[in-house]
Amino acid sequence: RLLTAMDSNVPIKEAFKMADDVLRQGVRGISEIITVPGLVNVDFADVRAIMAGAGSSLMGQGIASGPERAKQAAVSAISSPLLDIGIEKATGVVWNITGPA
């Protein structure tokens, strides 16, 4: 799936670096949800309650700018070519939105 989501000229070593970066961003994202205070504070128990017994976990990330940035980033996150299934099959969602202070 990783190789189909990027240019066919990307060397395999570079593709794995990109995969590592996706995983790093996932771990960082969950860590930030738990450790960074926000408008709604979330702790490990909250994240675990959503993810426990839920089967496969999917993660998408979207980045955007401009007046419609939240919507564009959300659409980008759920439209990732790396996702196996659509969000409509989700039984729970952990959602994190960050931006400048």
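Which helix do arginine 24 and aspartate 21 both lie in, and how many residues apart are they? Hold that thought for a second while I do the housekeeping.

This is a predicted model, where local features need pLDDT of at least 70, side-chain atom pairs count only at pLDDT 80 or more, and totals for chains, interfaces and linings use all residues. Residues are numbered from 1 along each chain as its sequence is written, and side-chain values use heavy atoms, with hydrogens and water left out.

Okay, the overall layout. The chain has three helices and zero strands, with helices (H or I, at least four residues) and strands (E, at least two) taken as DSSP runs and numbered from the N terminus. Reading from the N terminus, that's α-α-α. Along the principal axes, the C-alpha atoms fill a box of roughly 45 × 35 × 25 Å. Of the 101 residues, 12% are buried; buried here is under 20% relative accessible area, exposed is over 50%, and partly exposed is in between, with a 1.4 Å probe and protein chains only.

Back to my opening pair. Arginine 24 and aspartate 21 both lie in helix H1, three residues apart, which is about one turn of the helix. They form a salt bridge, with the closest N and O atoms 2.7 Å apart. The rule is a side-chain nitrogen of Lys or Arg within 4 Å of a carboxyl oxygen of Asp or Glu. Arginine 24 is partly exposed at 42%, and aspartate 21 is partly exposed too, at 29%.

Glutamate 32 is partly exposed, at 28% relative accessibility.

Now, pockets. A pocket is an open set of points on a 1 Å grid over the protein atoms alone, where a 1.4 Å probe fits, with protein on both sides within 12 Å along at least five of seven lines; lining residues have an atom within 4 Å of a point. Volume is the space filled by probe spheres set on the points, which are joined across faces, edges and corners.

The largest pocket comes to about 1900 Å³. It has 49 lining residues, and Met59, Gly60, Gln61, Ala77 and Val94 are the closest to its centre. Helices H1 (12–35), H2 (44–51) and H3 (69–78) each give two or more residues to that lining, and H1 has the largest share, with eleven. By class, the lining is 29 nonpolar, 15 polar and five charged. For the classes, Ala, Val, Leu, Ile, Met, Phe, Trp, Tyr, Cys and Pro are nonpolar, Asp, Glu, Lys and Arg are charged, and the others, Gly among them, are polar.

The second largest pocket is about 400 Å³. Its lining has 17 residues, with Gly38, Val40, Trp95, Asn96 and Ile97 nearest the centre.

Tryptophan 95 sits in the segment after H3 and is partly exposed, at 47%.

Last one, a contact across the sequence. Alanine 54, in the loop between H2 and H3, is 38 residues from glycine 92 in sequence and 7.5 Å from it in space, C-alpha to C-alpha. Alanine 54 is partly exposed, at 33%.
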